Amino acid sequence: IFLRFGYIFEILHMIRVDFTFVHLYALHLNYLVKEELSQIAVADPYYMSESFLNLGDEERKGAEKYITKFMLDNKDKEIILVTYHPM
């Protein structure tokens, strides 16, 4: 991954950056959490957004299945992180 100097400058000076870089950094942190802290589980935020849940019954049922499977798969974890994005 290559970043232009301007992007690095914006990141270091806390200027608003493109969402792609924020998403990339979040994925990196998610990787670190999974590798270094085995007692933490992080749920996929895609299924927790209002815009996804407002699409219809099929999407809500899919989100319900994902959350149920996620909780059952991670029942032995000490910490479970579930994000919520009101969009």
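Which elements of the chain have the lowest and the highest mean pLDDT? Helix α3 (residues 50–53) has the lowest, at 74, and helix α4 (residues 57–73) the highest, at 88.

## Model and confidence

This is a predicted model, in which local features need pLDDT of at least 70 and side-chain atom pairs count only at pLDDT 80 or more, while totals for chains, interfaces and linings use all residues. Residues are numbered from 1 along each chain as its sequence is written, and side-chain values use heavy atoms, with hydrogens and water left out.

The pLDDT is the predictor's confidence in each residue, on a scale from 0 to 100. Its mean over the chain is 79, and 91% of the residues reach 70 or more.

## Overall form

The chain contains four helices and two strands, in the order α-α-β-α-α-β along the sequence. Its radius of gyration is 16 Å, well over the 12 Å that the globule rule gives for 87 residues, so the chain is more spread out than a compact globule. This radius is taken over C-alpha atoms, and the rule is 2.2 Å times the number of residues to the power 0.38. Helices (H or I, at least four residues) and strands (E, at least two) are DSSP runs, numbered from the N terminus.

The C-alpha atoms fill a box of roughly 45 × 35 × 20 Å along the principal axes. Buried residues make up 13% of the 87; buried means under 20% relative accessible area, exposed over 50%, and partly exposed in between (1.4 Å probe, protein chains only).

One aromatic pair is found in the whole structure. It is formed by Y66 and F70, which are stacked at 6.0 Å centre to centre with 25° between the planes. Rings of Phe, Tyr and Trp (its six-membered ring) pair if their centres lie within 6.5 Å; planes under 30 degrees apart count as stacked, over 60 as edge-to-face and the rest as tilted. Both residues lie in helix α4, four residues apart, about one turn of the helix. Y66 is partly exposed at 22% relative accessible area, whereas F70 is buried at 9%.

N74 is in the loop between α4 and β2 (79–81) and is buried, at 12%. Its side chain reaches the backbone oxygen of F70 at 2.8 Å. Leaving aside neighbours within four places in sequence, N74 is in contact (heavy atoms within 4.5 Å) with A41 and I80.

## Strand β2

I79 is found in strand β2 and is partly exposed, at 40% relative accessibility.

Notes
A polar contact is a pair of N or O atoms within 3.5 Å; within protein, one must be able to donate a hydrogen and the other to accept it, and residues adjacent in sequence count only if both atoms are side-chain atoms.
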